[in-house]
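Trainee: I'm new to this one. Could you walk me through it?

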Amino acid sequence: MSFMEISALLEQAKNVCQQRGVRFTPVREQVFLLLAKHSNAVGAYDLLSELQTIDPAAKPATIYRALDFLGQQGFVHKIESINAFVMCHHFSDCSHPVQLLICDQCGHVEEIQSQNLDLAIRSMADASGFNISHQIVEAHGKCQRCP
């Protein structure tokens with residue numbers, strides 16, 4: 001992602017936080033920026049190592065609190081199967097259903113939007129009397145860039 005794209009995403013995040021009345025602290029901003037620089041998913045401890053170059057006093061709790069906040073705001077998605085995080089590039093709707101394509105070779109993660117998949121899952125959940133509050137579908141495989 002280019003510097004301009006990251007700057008625009010950061011401004012959008014600041015505006016969302018202001019509209020919601022939540023604090024986008026300097027540490028949260030730093031973690032947001034570190035994550036935005038990655039094109040692939042990144043683990044919390046990798047982010048912590050990067051944050052410690054800026055703030056040597058940063059601890060694991062620092063990064064996890066920041067990631068928790070960013071996730072609650074819909075700015076990042078946690079990929080449970082690989083215990084890593086990836087930026088959401090359309091976080092104006094933080095409750096949208098998430099489908100992630102995860103390349104097991106290069107680590108590339110692509111977020112896709114399939115209303116058909118969402119409708120199918122919600123229909124099956126409704127038939128079972130289940131109310132979905134949050135949805136992330138993870139699909140693993142090999143991307144088109146990998147041989």
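**A first look**

Mentor: N83 is partly exposed, since its relative accessible area is 44% (buried is under 20%, exposed over 50%, partly exposed in between, with a 1.4 Å probe and protein chains only). This is a predicted model, where local features need pLDDT of at least 70, side-chain atom pairs count only at pLDDT 80 or more, and totals for chains, interfaces and linings use all residues. Residues are numbered from 1 along each chain as its sequence is written, and side-chain values use heavy atoms, leaving out hydrogens and water.

Trainee: What phi does N83 have?

Mentor: Most residues other than glycine have a negative phi. N83 sits in the loop between strand 1 and strand 2 (84-87) (strands are DSSP E runs of at least two residues, helices H or I runs of at least four, numbered from the N terminus). N83 isn't a glycine, yet its phi is positive, at about 50 degrees.

Trainee: Which residues of helix 2 meet helix 1?

Mentor: Look for contact, meaning heavy atoms within 4.5 Å. On the helix 1 side you'll find I6, L9, L10, A13 and K14. The residues of this contact divide into seven nonpolar, no polar and two charged (Ala, Val, Leu, Ile, Met, Phe, Trp, Tyr, Cys and Pro count as nonpolar, Asp, Glu, Lys and Arg as charged, the others, Gly among them, as polar). The partners in helix 2 are E29, F32, L33 and A36.

Trainee: At what angle do helix 1 and helix 2 pack?

Mentor: Two packed helices are described by the angle and the distance between their axes. Axes here are lines fitted to C-alpha atoms over the stretch in contact, with angles from 0 to 180 degrees between N-to-C directions. For helix 1 (residues 3-20) and helix 2 (residues 26-36), the axes are 11 Å apart and the angle is about 145 degrees.
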